[in-house]
Amino acid sequence: MAGFRSLARQVRDPRSDLALRRYSLRKCLERFAPYGHRATWDHLCARHGIAPEDRAPDPVRLVRALDELERARTVWLGYEAGFAERRRREKHRGLRRPGAFDDWHRRTWGGNGVARCDDPAVHPSAPLAEVLARLISALEAEPGAGCPVCGKTGITWRHDLDSEPWSGPVCTGCGIVVPQPVLTPAALARARRDRAGDLATVA
């Protein structure tokens, strides 16, 4: 099975058929898709002017979409390397049992769904690398009251998410499933009290 870098080379290969280059970009999302596969594809298409169903899109737009995905992947891989080093140090000190934060991280290893958007059409509009940088900053800081990506405090608890975790806090501003470790107990309690409404479409 081809890895991310091999697929990225196929996307950039001017000798390849455009349909294959598009297919290779979609396959890249099986290796790294911060919002989930469908939402990340929707994001890249919207930001780079690609019609989601176009089988032969402009190759320049395809490569720009890949560039954005690669920049975000670099940000996330740097974070994962630091995380792995921290766990090694903790294990060396005898701390073998991971906490709730590590539980969340285990589900997002590789960057898939790290800022999952349950509704593929509702996701942050900022570049992926910027979104991940904000999320990482929040993960490394004290818990807060709002969404680490858009800063809004409209967070509601959903019990009908399409993938693990099957329930959790969802930002009504940018649509991400907010990692619980970045929220204070009061913010989580407030989210559980709020009734889940329709998520606002992000411009």
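Select Asp 13 and Arg 15 to begin. A polar atom of the Asp 13 side chain lies 2.9 Å from the backbone nitrogen of Arg 15, a polar contact (a pair of N or O atoms within 3.5 Å; within protein, one must be able to donate a hydrogen and the other to accept it, and residues adjacent in sequence count only if both atoms are side-chain atoms). The two side chains also meet in a salt bridge at 3.1 Å, N to O; the term denotes a side-chain nitrogen of Lys or Arg within 4 Å of a carboxyl oxygen of Asp or Glu. Asp 13 belongs to the loop between α1 (4-12) and α2 (18-31). Asp 13 is buried, with a relative accessible area of 19%, whereas Arg 15 is exposed at 77%. Here buried means under 20% relative accessible area, exposed over 50%, and partly exposed in between (1.4 Å probe, protein chains only).

The model is predicted: local features need pLDDT of at least 70, side-chain atom pairs count only at pLDDT 80 or more, and totals for chains, interfaces and linings use all residues. Residues are numbered from 1 along each chain as its sequence is written, and side-chain values use heavy atoms, with hydrogens and water left out.

**The whole chain**

Now display the protein chain as a cartoon. It contains seven helices and two strands, in the order α-α-α-α-α-α-β-β-α from the N terminus. Helices (H or I, at least four residues) and strands (E, at least two) are DSSP runs, numbered from the N terminus. Of the 203 residues, 44% count as buried. Among contacts between residues at least 6 apart in sequence, 66% join residues at least 24 apart; contact means heavy atoms within 4.5 Å.

**Salt bridges**

How many salt bridges does a search of the whole structure find? The search finds 12. For one of them, select Lys 27 and Glu 30, whose side chains meet at 3.0 Å, N to O. Both residues lie in helix α2, three residues apart, about one turn of the helix. Glu 30 is partly exposed, at 42% relative accessibility.

Next, select Glu 68 and Arg 47, whose side chains form a salt bridge at 3.0 Å, N to O. Glu 68 is in helix α4 and Arg 47 in helix α3 (residues 37-48), so this pair ties together parts that are 21 residues apart in sequence. Glu 68 is buried at 2% relative accessibility, while Arg 47 is partly exposed at 38%.

**Helix α4**

Select residues 59-92, which make up helix α4. At 1.5 Å a residue, its 34 residues should span 50 Å, and the end C-alpha atoms are 49 Å apart, which agrees. The expected span is 1.5 Å times one less than the number of residues. Just after the helix, Gly 94 takes a positive phi of about 95 degrees. The buried residues of α4 include Leu 62, Leu 66, Leu 69, Phe 83 and Arg 87.

A search of the whole structure finds one aromatic pair. The ring centres of Trp 76 and Tyr 79 are 4.9 Å apart and their planes stand at 40 degrees, so the pair is tilted. Rings of Phe, Tyr and Trp (its six-membered ring) pair if their centres lie within 6.5 Å; planes under 30 degrees apart count as stacked, over 60 as edge-to-face and the rest as tilted. Trp 76 and Tyr 79 are three residues apart, about one helical turn. Both are buried, Trp 76 at 0% relative accessibility and Tyr 79 at 8%.

**The two strands**

Finally, select β1 (residues 155-158) and β2 (residues 168-171). Four bridges join these antiparallel strands; strands pair if DSSP finds at least two bridges between them. Ile 155 stands opposite Cys 171. Ile 155 and Trp 157 point one way from β1, Thr 156 and Arg 158 the other, and all are buried. In the loop between β1 and β2, select Trp 166, which is exposed at 53% relative accessible area. Not counting residues up to four places away in sequence, Trp 166 touches Arg 158, His 159, Asp 160 and Leu 161.
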